[in-house]
Amino acid sequence: MPSLNTTYLTLPLSSPLLASASPMTGKLDALRQLEDAGAAAVVLPSVFEEQLHQEKAFMDHFLDANTESHAEARDFFPDATLYTRQTDHALEHLTQAKATLGIPVIASLNGSTREGWGHFAKQIEDAGADAIELNLYEISADPNISSAEIETRQLETVSGITQNLSIPVAVKIGSHYAAMANMAKRFEEAGAAALVMFNRFYQPDFDITSRTASRKLGLSSSREMLLPMSWIAILRGQRSLDLAATTGVHEITDIIKYLMAGANVVCSTSALLKHGPAKMTEFKTGLTHWLEENGYNTADELRGCMRREFVDNPELFERANYIKLLSSYPSS
Ligand SMILES: Cc1cc2nc3c(=O)[nH]c(=O)nc-3n(C[C@H](O)[C@H](O)[C@H](O)COP(=O)(O)O)c2cc1C
């Protein structure tokens, strides 16, 4: 029987198959089911930077209000203690998950500025998280902010967090950098132990009759894995930090392709939300069978065998491919 054992973020894992952040990993029962079904690690739902700022604003406002009327009230704050903070929920969930599961638990932070994270990231570490995934989900529509400013801020955020922690930090990024390979290098230099590729960006849809924009969260399809897969294949030979694949894992072949590109681990959300935690067993069994049938002793043997420099036609990953691809389309 081939071994699926691997290492991610220095953590020994029983397989390269992770459950990424979603409402499913926010429930203790579902976490148990995911572990039973074979998930090698789980990423908990993100705590958002905006939540931290709101909570701080609330507490500051409350402190000011009480300080003005009764100086001694600082010691009591009855209303403030009734206000259960979302960050407290997140820490409690993390503590419970750690107490319940035997597999590594990765906490997730979502934001792109360094303010506020330092203290909370330390609390996460103290609560026992095995690692942190920092999601830099960001859409910059401000014409006065350049990509250089955004990149510098993101890198400072990463180094600000990694410097104060002893647990590893993975950085979940979008695919829209003008110079992805350079950013990957700089994220590694800033202390990222892994890149999680890529965030799926959610766009609003329009209702053309009512002329309203609506929120729409569709699940992914396998087709969407081609972009992260090709970047993983490019970066695998350039960087030594870990690469985690997220987006579009629905079939066993999707997992195999990501590993061949060079992913250390392959994460799943949409397929688990669609089919339930038991889908993880199907993934694990399917991967084991495929390795066995194809003569591999370990899943690690697959890693990077299709990275850019190992394929016969590396130009497929480059601009030359674009020109050939367009001209290869039948003209009539
Ligand atoms: C309902 C839902 C909630 C999610 N919540 C989070 C989250 O809290 N933090 C995060 O980093 N990603 C979150 N994601 C993104 C997933 O972790 C994952 O990266 C993305 O769905 C792509 O993987 P998939 O194709 O397997 O769905 C969420 C996705 C969905 C569908």
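Colleague: In α6, which residues are buried, and what makes a residue count as buried?

Modeller: Q154, T157, V158, I161 and T162 are the buried residues of α6. A residue is buried if 20 or more other C-beta atoms lie within 10 Å of its own, exposed if 12 or fewer, and partly exposed in between, with C-beta atoms placed from the backbone. Please note that this is a predicted model, in which local features need pLDDT of at least 70 and side-chain atom pairs count only at pLDDT 80 or more, while totals for chains, interfaces and linings use all residues. Residues are numbered from 1 along each chain as its sequence is written.

Colleague: How do you know where the buried residues of α6 lie around its axis?

Modeller: They fall within an arc of 120° as one looks down the axis, so they line one face of α6; the arc is that of the directions from the helix axis to the C-beta atoms. The face turned away from the buried side carries the exposed residues A148, E149, T152 and Q163. The cover over the buried residues of α6 includes α5, β6 (131-135), β7 and α7 (180-189).

Colleague: Why is α6 called a helix, and what span should its residues have?

Modeller: Helices are DSSP runs of H or I with at least four residues, strands are runs of E with at least two, and both are numbered from the N terminus. The expected span of a helix is 1.5 Å times one less than its number of residues. For the 17 residues of α6 (residues 147-163) this gives 24 Å, and the end C-alpha atoms are 24 Å apart, which agrees.

Colleague: Which residues of α5 are buried, and what places them on the same side or on opposite sides?

Modeller: W117, F120, A121 and I124 are buried in α5. They cover an arc of only 100° around the axis, which puts them on the same side of α5. H119 and D126, on the other side, are exposed. After α5 comes G128, with a positive phi near 105°.

Colleague: What makes K172 buried or exposed?

Modeller: K172, in strand β7 (residues 169-173), has 25 other C-beta atoms within 10 Å, so K172 is buried. Apart from neighbours within four places in sequence, K172 is in contact with E133, L134, N135, L136, V196 and N199. Two residues are in contact if their C-beta atoms, placed from the backbone, lie within 7 Å.

Colleague: How do you know whether D205 counts as buried or exposed?

Modeller: D205 has 12 C-beta neighbours inside 10 Å, and therefore counts as exposed. D205 belongs to strand β9 (residues 205-207). Leaving aside neighbours within four places in sequence, its contacts are S214 and K216.

Colleague: Why is a set of residues called a nonpolar core, and which members of the largest one touch the most others?

Modeller: The name applies to a set of buried Ala, Val, Leu, Ile, Met, Phe, Trp, Tyr and Cys residues joined through C-beta atoms within 7 Å. The largest has 80 residues, of which V42, V171, L195, I232 and A244 touch the most other members. The contacts of A244 beyond four places in sequence include Y8, A170, A194 and C267. In soluble globular proteins, nonpolar side chains tend to be buried together.

Colleague: What makes a residue near the ligand, and which are the closest?

Modeller: A residue is near a molecule or strand if its C-beta atom, placed from the backbone, lies within 6 Å of it. The ligand is surrounded by 21 residues, the closest being A21, S46, S220, T269 and S270. Elements giving two or more residues to this shell are β4, β5 and α10 (270-275).
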